[in-house]
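Visitor: I have a model to go through with you. Please show it, and I will ask about the terms as we go.

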Amino acid sequence: MKQRIWNAIAGLRGASPLVHSITNYVVMNNTANALLAAGASPIMAHAHQEMKDMVNIAGAVVINIGTLDEYWVESMRLAIRQAEALKKPWILDPVGAGASPYRNAVLKELIGIYHPSVIRGNASEIMALAQVSVQTKGVDSVHQTEEAIGAAMHLNATTGAVICVSGATDTVVHQAKRISLRNGHPLMSRITGMGCTATALIAAFCALNPENLFEATTAAMALMGVSGEMAAAVSSGPGSLQMHFLDILSTLTEEEFNARLTLEETYATIQT
Amino acid sequence: MKQRIWNAIAGLRGASPLVHSITNYVVMNNTANALLAAGASPIMAHAHQEMKDMVNIAGAVVINIGTLDEYWVESMRLAIRQAEALKKPWILDPVGAGASPYRNAVLKELIGIYHPSVIRGNASEIMALAQVSVQTKGVDSVHQTEEAIGAAMHLNATTGAVICVSGATDTVVHQAKRISLRNGHPLMSRITGMGCTATALIAAFCALNPENLFEATTAAMALMGVSGEMAAAVSSGPGSLQMHFLDILSTLTEEEFNARLTLEETYATIQT
Amino acid sequence: MKQRIWNAIAGLRGASPLVHSITNYVVMNNTANALLAAGASPIMAHAHQEMKDMVNIAGAVVINIGTLDEYWVESMRLAIRQAEALKKPWILDPVGAGASPYRNAVLKELIGIYHPSVIRGNASEIMALAQVSVQTKGVDSVHQTEEAIGAAMHLNATTGAVICVSGATDTVVHQAKRISLRNGHPLMSRITGMGCTATALIAAFCALNPENLFEATTAAMALMGVSGEMAAAVSSGPGSLQMHFLDILSTLTEEEFNARLTLEETYATIQT
């Protein structure tokens, strides 16, 4: 597994898969930079007239609802339909799930009518989203990854999507498979859009390996965690962390990766 | 006063107040990062359907008109009304006041019909805004903070808002109170959105201390100025300044703060 | 020529020309920072009601279609009309030319009905755009600057605009004149918006020297290339490259510039 993950990271650098992102304004610049640093090529566009065209040339699609509005939600629908028609993976980032009924209604549609390939969120978002799939309900506290595993398994069972709960521990859930990664650093949460960056990288690895989305998601989270951890070790705060993180995404070696990666693979019965 | 300001800076780090910003596209990423570095939590959203919800969970609201258009101005109105209904502070950043009749008309409405808790702008913007409150008139030169004090006092008297004029000297005006801070560095003006960052930090401190907006505004400007000055001392240009600034926002110590802070408190009669 | 280019770079720092950009969300922050670092002043706005006003106070206008939609395309038209009415230079960045029929249709209008002063794109974009001026056709591969020279000459002949093809070699084409610059570094392509930054800097130099757009464009590309090359020499990856690039834009000396600049001036017959 570790070797295949490293091969994916190394492979991404030469492959330059196109990732089309409909994402939020706040993180566009740094997620595009993270994609480039890791070896992928970002496209960001939202005009309804060209959504099909952009999906046609992309290897995977990111749908991130961070700064959604009516126009952008329609852009998302158009991109998702084309991705599903062409059997290309699309990755959902349910930013702020539970924070408003509007956000919940959009998410309910996106996971109810369509079929995300992967969903990545923090524990609170995954827990809110699992409730959304049953009923609309807000979330008003911050949770740990461990508290969201049940919700992740429920979401996986109801949507079929690979679910990634990110946080101090990152856990990837699909059917009976579960992988937990304990890399990363608390300082990463002091940079805006680190979660959105994780989602963008998941899309890049899914474009590279659409046959195994579980492993692709794991590879993205492993690259994030190890790079963030190494960056934090040489940073004086969140400003330098952002810089070192981008540098390390593009220069990380197999030796450094293997020395850091903490990955636990388990098989669990579904407890829904 | 100095001790209370430091206590606010230290307090912000543990409190993580939510700041909802309706702000311009150019600065979303770096103002979100500044809020996170200082210890606050940013929300950025603009869909009409969720403006009330976002204000409901936020401790303070930023209204920054930098890249305004019809849809976003309506988002601002919805957020402001809810903030006023819930008596939560909202902070106005009149970016580009005086640059176009449209911008002036929007500002005239925002300070005429609604009641900003704090207004922060550079000298030209504050002078334009003071004229806007009387009649729409453009501004075509760059002014010093000292030239805008009369306009700030006039704006304070007509709107009731705490007024902050930022520049080489930052001056905070409210009724008979006036505080001037002489920290910061000229290189800060070579990074986009430093003013917008100041406004975002003001909102964070207002969320923490809604009972004393004058002191909250002063705390934000003190943190900005001292951090920018320290960052400039170790920077080779605007690129490294941005990085060091974010680092220092999150690591500044009481000792460093006290060694740098230059704050002058005066009481003036209103000269309108 | 080299001396005049350096004089322009030095002159920009004191002149602070206003550049109004209608540009894409992804690069707004870093192109604004590049303009500030080089000595120019950025304006970014898009409300239809104020497009004329913003062009009135600007020295040059950037039209970058990266994240276009219907509203923004109308903003572009309004800004372009005013720029042409006032004989102010406007610079077209045809981001993603060839990627969708919508993008091609917009570009066909922008170069068919209006008259860009300068067009800057990578080789694929310039080749797509030259075809657009004949017929709408997609581009599906990455090309070298040298392959796009014919397209650039054709575009120059049909639009009258100075054409800049950027890449490992940057070539500026106008009538019988052609300048090639071989500065820069491959790592620059791993940061989002480096091309958009080049376009923004071209606009700044055009605002400074509207009488000689060919030389203004060359000055911008020389500043980009030398600064990027120097930044890459001290960078560990794309994150640190972005930081050093901004620093060097603002601190580059004549000595450093002359030691690096590789500029080849040729006169060619038009081969269309």
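Visitor: Which residues in H2(C) meet which residues in H8(C)?

Guide: Asn30(C), Thr31(C), Ala34(C), Leu35(C) and Ala38(C) of H2(C) meet Cys196(C), Thr197(C), Ala200(C), Leu201(C) and Ala204(C) of H8(C). Contact requires C-beta atoms, placed from the backbone, within 7 Å. By class, that contact has seven nonpolar, three polar and no charged residues. Ala, Val, Leu, Ile, Met, Phe, Trp, Tyr, Cys and Pro count as nonpolar; Asp, Glu, Lys and Arg as charged; the others, Gly among them, as polar.

Guide: A word on the source. This is a predicted model, where local features need pLDDT of at least 70, side-chain atom pairs count only at pLDDT 80 or more, and totals for chains, interfaces and linings use all residues. Residues are numbered from 1 along each chain as its sequence is written, with chains lettered from A and ligands numbered from 1 in the order in which they are written.

Visitor: Why is H2(C) called oblique to H8(C)?

Guide: The two helices pack at an angle of about 40°, with their axes 9 Å apart. Under 35 degrees counts as roughly parallel, over 145 as roughly antiparallel, 65 to 115 as roughly perpendicular, and the rest as oblique. The angle of about 40° therefore makes H2(C) oblique to H8(C).

Visitor: What is the handedness of the crossing of H2(C) and H8(C)?

Guide: H2(C) passes H8(C) in a right-handed crossing. In such a crossing the near helix is turned clockwise from the far one by less than a right angle; anticlockwise is left-handed.

Visitor: What makes Ser100(B) count as buried?

Guide: Ser100(B) has 23 C-beta neighbours inside 10 Å. Buried takes 20 or more other C-beta atoms within 10 Å, exposed 12 or fewer, and partly exposed lies in between. So Ser100(B) counts as buried. Ser100(B) is found in the loop between S4 (90-93) and H5 (101-112) of chain B. Leaving aside neighbours within four places in sequence, Ser100(B) is in contact with Glu50(C), Asp53(C) and Met54(C).

Visitor: How many residues of chain C are in contact with chain B?

Guide: 26 residues of chain C are in contact with 22 residues of chain B. On the chain C side, H10(C) gives the largest share, nine residues.

Methods:
Two residues are in contact if their C-beta atoms, placed from the backbone, lie within 7 Å. Helices (H or I, at least four residues) and strands (E, at least two) are DSSP runs, numbered from the N terminus. Axes are lines fitted to C-alpha atoms, for helices over the stretch in contact, and angles run from 0 to 180 degrees between N-to-C directions.
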